[in-house]
Amino acid sequence: MVTSPASAVPRLVIAAPSSGSGKTTVATGLMAALAGRGLAVSPHKVGPDYIDPGYHALATGRVGRNLDAYLCGPELVGPLFLHGAQGCDIAVVEGVMGLYDGAAGEGELASTAQVAKLLRAPVVLVVDASSQSRSVAALVHGFVSWDPEVRIGGVILNKVASDRHEVLLREAVDSVGVPVLGVLRRAPQVDVPARHLGLVPVAERGSEAVDAVTAMGAQVAAGCDLEALVGLARAAGPLPGGSAPWAPGPVPTHHPSRSVKKSKPRLAVAGGAAFTFSYAEHTELLAAAGAEVVTFDPLRDEELPEGAAGLVIGGGFPEVYAAELSANEPLRKSVAELALSGAPVAAECAGLLYLCRELDGLPMCGVLDASARMSERLTLGYRDAVAVSDSALAGAGTRMRGHEFHRTVVEPGAGAAPAWGMRAPERRVEGFVERGVHASYLHTHWAAEPGVARRFVERCRTS
């Protein structure tokens, strides 16, 4: 039975002392195990990560959603959580990095600990126990006592080597007074392959991803006390402040004399294996603003959806599929024609690369007079940005927070009319605004500034 009121949905945060401890395996496995018991599970991920939510969606059959206190502000964490958790029996939130790690130089901002406090959610700490025994007690004690507002309700011991190792670990954790809610052994079948920007997305792995998630669910069901975990989640209580679910807004009404095309513009959104990075709220905001959203796959489709009045190309891995994207010449021409017509085009990161003249020497759409190539340098981090030029997305002066995550370089890095001026951590301009095109490396979360989606749809309506 679904918990009532909605603000009291049972919930857990799965965190760890550091990256690489097994958070994704445990969180995804727990989601799958609970869904396998017939529960409607709401999946969430702390931070800007696009890949883990894909595995969460596979485990639960629901859209994986992000909770990012930097991109959206702490005040939206609760409402966005409730929006995703509507109609669910329980919610599982996977943390980011180590429990107390957040935006660089910003204290607890955007950390798993901050999100747990904002949600008043108990934390389950996943500990990689592969190279320790009694020392685990000191580690757990430190995490429990560091911030008394963070409630660590239990520990799951991961990568335990043997029965004897388990006994030693349990004795150590018992001395801290924190219950052990699960013990997991090494299991190669749950491993997910990784490459230059993290795990390989679900969309690229097909049945292998399904098998991995199934194995994660079986491992967690066998090694964890699911009843105790559900009981801990149910003890969370209501969210603070009487939070209400976030909503993308009502579909606007238009004057009856307008044509169907003008009142409900068709908006093409890139998808498929090459463009997997997107936030679910973006599509919801576009639809609420009056657009008909149609997804297409640049690896397979040779034309944009018929009647497309605008185009959104999000993030992903065009560098992995550069040859296939380049070989689809009819679609490249279709994209270029739409962009050159002045129609609104929003491109983030992977979309920016696709609009360039070339990527690693292979022809792309040629909308921008710029070339892109792979680089040894990883660009990663939150950004405080302001719109430099008026565009289909934002008026000059609009301030937004974003995130960069790429191993590519675009030359030049900015056009005559840049998209963004970075205020922090360093001052620079970046991206391109040309005709109706807004192209940039910066990933943004439109829920923080719903006017972005409304402005874009209106431009599609009137272009």
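## Ala 372

Ala 372 counts as buried, because its relative accessibility is 4% and the cut-off for buried is under 20%. The model is predicted. Ala 372 belongs to strand 16, which runs over residues 371-387.

Leaving aside residues up to four places away in sequence, Ala 372 touches Leu 353, Cys 356, Glu 358, Leu 359, Asp 360, Val 409 and Val 410. Leu 352 sits 20 residues from Ala 372 in sequence. In space, the C-alpha atoms of Ala 372 and Leu 352 are 9.0 Å apart.

## The chain as a whole

The protein chain holds 15 helices and 22 strands. Its radius of gyration is 23 Å, close to the 23 Å from the globule rule for 463 residues, so the chain is as compact as a globular protein of that length. The C-alpha trace spans about 70 × 50 × 40 Å along its principal axes.

Of the 463 residues, 57% count as buried. The accessible surface of the chain is about 18,200 Å². Carbon and sulfur atoms account for 52% of that surface.

## Helix 4

Helix 4 covers residues 112-119, and seven of its eight residues are buried, so the helix is largely enclosed by the rest of the structure. The buried residues are Thr 112, Ala 113, Gln 114, Val 115, Ala 116, Lys 117 and Leu 119.

What do the buried residues of helix 4 pack against? The strands are strand 1 (11-15), strand 2 (41-46), strand 3 (65-67), strand 4 (90-94) and strand 5 (123-128). Helix 3 (77-85) is also among these partners. Arg 120 follows helix 4 and has a positive phi, near 50 degrees.

Rolling a probe the size of a water molecule over the atoms shows where empty space is left. The count for this model is two cavities of 30 Å³ or more. The largest cavity holds about 200 Å³ of space. It is lined by 18 residues, and those closest to its centre are Phe 277, Ser 278, His 282, Val 312 and Gly 314.

Which elements each supply at least two residues of the lining of the largest cavity? They are strand 10 (266-270), helix 11 (280-288), strand 12 (308-313) and strand 13 (345-348). By residue type, the lining of the largest cavity has twelve nonpolar, five polar and one charged.

Technical notes: Residues are numbered from 1 along each chain as its sequence is written. This is a predicted model: local features need pLDDT of at least 70, side-chain atom pairs count only at pLDDT 80 or more; totals for chains, interfaces and linings use all residues. Side-chain values use heavy atoms; hydrogens and water are left out. On a 1 Å grid over the protein atoms alone, a cavity is a set of points where a 1.4 Å probe fits but cannot get out, and a pocket is an open set with protein on both sides within 12 Å along at least five of seven lines; lining residues have an atom within 4 Å of a point. Grid points are joined across faces, edges and corners, and a volume is the space filled by probe spheres set on the points. Helices (H or I, at least four residues) and strands (E, at least two) are DSSP runs, numbered from the N terminus. Ala, Val, Leu, Ile, Met, Phe, Trp, Tyr, Cys and Pro count as nonpolar, Asp, Glu, Lys and Arg as charged, and the others, Gly among them, as polar. Buried means under 20% relative accessible area, exposed over 50%, partly exposed in between (1.4 Å probe, protein chains only). Contact means heavy atoms within 4.5 Å. The radius of gyration is taken over C-alpha atoms; the globule rule is 2.2 Å times the number of residues to the power 0.38. Accessible areas come from the Shrake-Rupley method with a 1.4 Å probe; for residues, only the protein chains shown count as cover.
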